[in-house]
Each structure stands twice: as structure tokens, then as C-alpha cells.
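This report walks through one protein chain for a reader who has not seen it before. Please keep the sequence and the 3D view open while reading.

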Amino acid sequence: MRKASRLKRISIVSAALLLVLAGVGYANRGVLSAWGYEIFLSDKVESSFANSYKPLSDRPATSETKVEEPFSMLLMGVDARAKERGRSDTLIYTVVRPKDGNVLMVSIPRDTYADIVGKEKQDKITHAYAFGGPEMAVNSVEKLLDAKIDHYASINFQGFVKVVDTLGGIHLPIGKDIVNKGADHEKFTVKANKDSYSGVEALNYVRYREDAGGDMARTNRNRVFIEELIHKASSLQQWNKIPEVLDIVGDNFLTDLPPASMSDLAKQFLQTGHEIQSYTLKGEGKRMGKQNLWYFIADEDDLNTVRSTISAWLNPDTPVSELTVPGNENGSNHSELTGNPSL
């Protein structure tokens with residue numbers, strides 16, 4: 001089994017750093033220790049993300065954030081073309097517990113029917129970012145999950161085109177040609193069974209909208225793409241490309257976590273083993289309204305269970321043995337991210 005399988009569902013960022021993309025993955029292969037990170041990459045991470053710091057306009061800003069107690073973060077993968085704000089194609093509510101090294105990631109399908117806070121309407125939750133940027137997206141997800149969001153991080157998928165090409169392409173499990181040809185869709189074809197795919201092909205793989213799986217299938221492709229990207233970055237054998245990748249990510253990354261706090265988190269992830277447990281909201285597709293548009297309707301019972309799960313994870317007194325996800329009380333649905341350089 002490939003090492004990427006151990007990073008199952010890390011999606012977009014592991015605890016706020018999509019990262020050190022090359023750095024953290026590379027480190028886990030024994031090339032870079034926390035000590036090496038401090039010497040060689042700490043300053044680079046802070047400089048690359050210096051312009052990424054963007055506090056939310058409706059919340060107080062801080063120049064430095066101490067991330068010691070459990071905190072929550074909304075991770076957003078934004079598909080924005082030039083001069084567009086874009087939509088949040090990927091939404092992951094994340095709880096990070098720095099002291100015991102556990103991470104919870106709850107994926108929210110982009111077409112989830114939800115209250116859009118600030119718009120006084122219900123719509124697909126992906127539209128919140130397009131209507132009002134990270135502020136509206138954060139407030140809308142907080143209402144949906146009835147849970148606070150301490151921080152956010154958004155990454156423009158356009159930047160990943162450059163990252164993929166810088167890394168020399170990426171593997172994708174495409175067994176049949178992907179053809180986007182709908183009348184109101186962008187037209188493209190991604191050929192199957194290629195050894196490597198370019199950045200544009202990878203982005204089209206993520207954007208594809210015409211398969212029978214709908215929103216859930218697209219959410220899964222987002223996850224697969226990020227896993228494969230992390231796998232490729234972790235096998236990078238050229239040190240000189242790490243700063244270039246960090247600069248590309250930094251140019252396409254926004255967060256209210258100060259650069260110094262991000263660097264501290266990266267170093268912390270290298271020093272200790274971590275477990276990531278993930279979950280995707282359950283529900284069903286339904287066409288609604290005068291335009292007969294397709295929406296994802298979250299299951300209310302599942303939503304309430306997820307809310308209770310998040311509350312337990314945010315409580316610093318919850319023992320590690322009780323950090324589970326719905327339907328997985330034995331803790332088997334998790335991935336490990338370890339700082340042990342021998343792995």
C-alpha cells in the first residue's frame with residue numbers, strides 16, 4: 001500500500017498549513033527533522049506567507065496567536081479564475097488538538113442547502129464565499145454546524161496548477177476519459193490511464209461536474225487530488241524546489257493565522273505523531289425551487305451527531321479514547337501523520 005494511503009483524507013491542509021507542502025511531507029521521509037526545519041525553512045515559511053495574513057473584517061485581529069488549546073479552523077479550497085472571488089469548492093471544518101496530536105476533519109459538500117448568514121436566504125453553501133468572502137463562509141458554516149470557528153484558511157486551486165507543474169506532474173486514478181461537455185459547462189477532456197497529469201489536467205479533474213455521483217463524487221475527487229499532491233511532494237528529491245513551492249502556495253493562500261503561528265504549528269507537527277480522523281456530512285440530493293436546481297440536503301440526525309462530536313473534540317478535557325467520529329466509536333477511520341523520520 002502506498003504511503004499516500006496513510007494520509008487518507010488529509011485534504012487541503014493538515015491543521016492549517018497546506019503548507020509546507022513539500023516541507024512537511026519531505027520531512028516525514030527522514031530528510032528534514034524539526035531541528036532542520038528551524039534552521040532551513042522556518043524563516044522561509046514566514047516570509048512566503050507574510051502577505052497571506054488576512055484577518056476577518058468582522059472579528060478582532062491579532063498579530064500572534066498561541067495555538068496550544070484545541071481550536072477550530074475552516075479550510076476552504078477556492079476555485080477562482082482571474083479577477084474572480086470564486087466559490088469554496090472544498091469546505092472542511094477542522095478541529096486541531098495540539099497537546100495530544102489529534103485532528104478532526106469534517107467535509108461539507110459544496111452544494112449543501114444552508115442559511116447564508118448576511119444574505120438572509122438559503123442557498124448552496126459554496127455560494128457564501130462568492131457572496132461575501134471568507135467572512136460570510138465562516139459565519140454560514142458556524143450556523144450550519146452550531147460550532148465556533150477560531151480561524152480560517154483558503155487556498156486558490158489556480159495556484160495548484162503551478163505547484164503540480166513545478167513538481168513535474170501528478171498521478172491521478174483516472175480509468176476512463178473525463179469529458180466535460182454540458183451546454184452550460186466549461187469544455188475539456190482529460191485522457192485516462194496517463195502516467196502523469198499536468199496542473200491544468202489535475203484542475204479539470206477536480207472541476208469535472210458531469211458524473212452520476214454529483215456533489216459527493218466531486219468532493220471525493222478534491223480529496224484524491226490533495227492526497228496525490230501531498231504524496232508527490234513527499235517524494236520530492238530536490239531541495240531547491242521547496243522554496244519555490246512555498247512561494248507559489250503563499251501567493252494563493254489566505255488565513256487569519258499569523259505567519260509565526262503557522263511556522264510554530266509546522267514545527268510542532270514534525271516533533272510529534274498525529275492522528276487525523278475524518279468524516280463527510282451525510283444526506284441526499286434533491287431538486288428544488290422554480291429553477292429545479294440540485295441541492296445536497298444534510299441529514300438532520302447526522303448533523304446533530306456531528307455537532308456533538310465537534311463539541312467533544314473542542315473540549316480539552318475529552319480523553320483521547322473518546323475522540324471518535326460518527327459510526328466509528330472504535331477509532332478505526334483515521335490516518336496517521338507522524339514526525340518519526342524513520343517512517
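## Helix α5 and its end

Helix α5 is followed by G168, whose phi is positive, near 85°. Helices here (H or I, at least four residues) and strands (E, at least two) are DSSP runs, numbered from the N terminus. Within α5, which spans residues 158-166, the buried residues include G159, F160, V161, V163, V164 and T166. Buried means under 20% relative accessible area, exposed means over 50%, and partly exposed lies in between, with a 1.4 Å probe and protein chains only.

## Basis and confidence

This is a predicted model, in which local features need pLDDT of at least 70, side-chain atom pairs count only at pLDDT 80 or more, and totals for chains, interfaces and linings use all residues. Residues are numbered from 1 along each chain as its sequence is written, and side-chain values use heavy atoms, with hydrogens and water left out.

The pLDDT, the predictor's confidence in each residue from 0 to 100, averages 76 over the chain, and 70% of the residues score at least 70. Over residues 1-32 the pLDDT is below 50, yet this stretch has 109 contacts in the model beyond near neighbours in sequence. Residues 330-343 also have a pLDDT below 50, with 48 contacts beyond near neighbours in sequence. A contact means heavy atoms within 4.5 Å. Where pLDDT is low, the predicted coordinates should not be read in detail.

## Overall make-up

The secondary structure comes to 10 helices and 13 strands. Of the 343 residues in the chain, 56% count as buried. Among contacts with a separation of 6 or more, residues 24 or more positions apart account for 70%.

Helix α6 is mostly covered, with 8 of its 9 residues buried. These are G199, E201, A202, L203, N204, Y205, V206 and R207.

## Nonpolar cores

A nonpolar core is a set of buried Ala, Val, Leu, Ile, Met, Phe, Trp, Tyr and Cys residues joined through side-chain atoms within 4.5 Å. The largest one has 42 residues, and those with the most contacts inside it are F160, V163, I170, I174, Y205, F225 and L229. Helix α8 (residues 241-251) gives the most to this core, with 5 residues. A second, separate core has 34 residues, including L74, L144, I310 and L323. In soluble globular proteins, nonpolar side chains tend to be buried together.

## Rings and charges

The structure holds 1 aromatic pair. Y113 and Y295 form this pair, which is edge-to-face, at 5.0 Å centre to centre and 75° between the planes. Rings of Phe, Tyr and Trp (its six-membered ring) pair if their centres lie within 6.5 Å; planes under 30 degrees apart count as stacked, over 60 as edge-to-face and the rest as tilted. The pair links distant parts of the chain, with Y113 in strand β4 (residues 113-116) and Y295 in strand β12 (residues 293-298), 182 residues apart. Y113 is partly exposed at 27% relative accessibility, whereas Y295 is buried at 10%.

The charged end of K124 sits over the ring of Y295, 5.7 Å from its centre. In another case, the charged end of K119 sits over the ring of F131, 4.9 Å from its centre. A charge sits over a ring if NZ of Lys or CZ of Arg is within 6 Å of the ring centre and within 35 degrees of the ring normal.

## Selected residues

S52 lies in the loop between α3 (42-48) and β1 (71-79) and is buried, at 1% relative accessibility. A polar atom of its side chain lies 3.0 Å from the backbone oxygen of F253. Leaving out residues up to four places away in sequence, S52 touches G250, F253, L254 and T255. T309, in helix α10 (residues 300-314), is buried at 12%. Beyond its neighbours within four places in sequence, T309 is in contact with L104, T324, V325 and P326.

E210 is in the loop between α6 (199-207) and α7 (214-234) and counts as partly exposed at 26%. The C-alpha atoms of E210 and G182 are separated by 7.5 Å, although these residues are 28 apart along the chain. D146, in the loop between α4 (127-145) and β6 (151-156), is not a glycine but has a positive phi near 50°. D146 is exposed, with a relative accessible area of 63%.

Methods. Polar contact = N/O pair within 3.5 Å; in protein donor to acceptor, adjacent residues only side chain to side chain.
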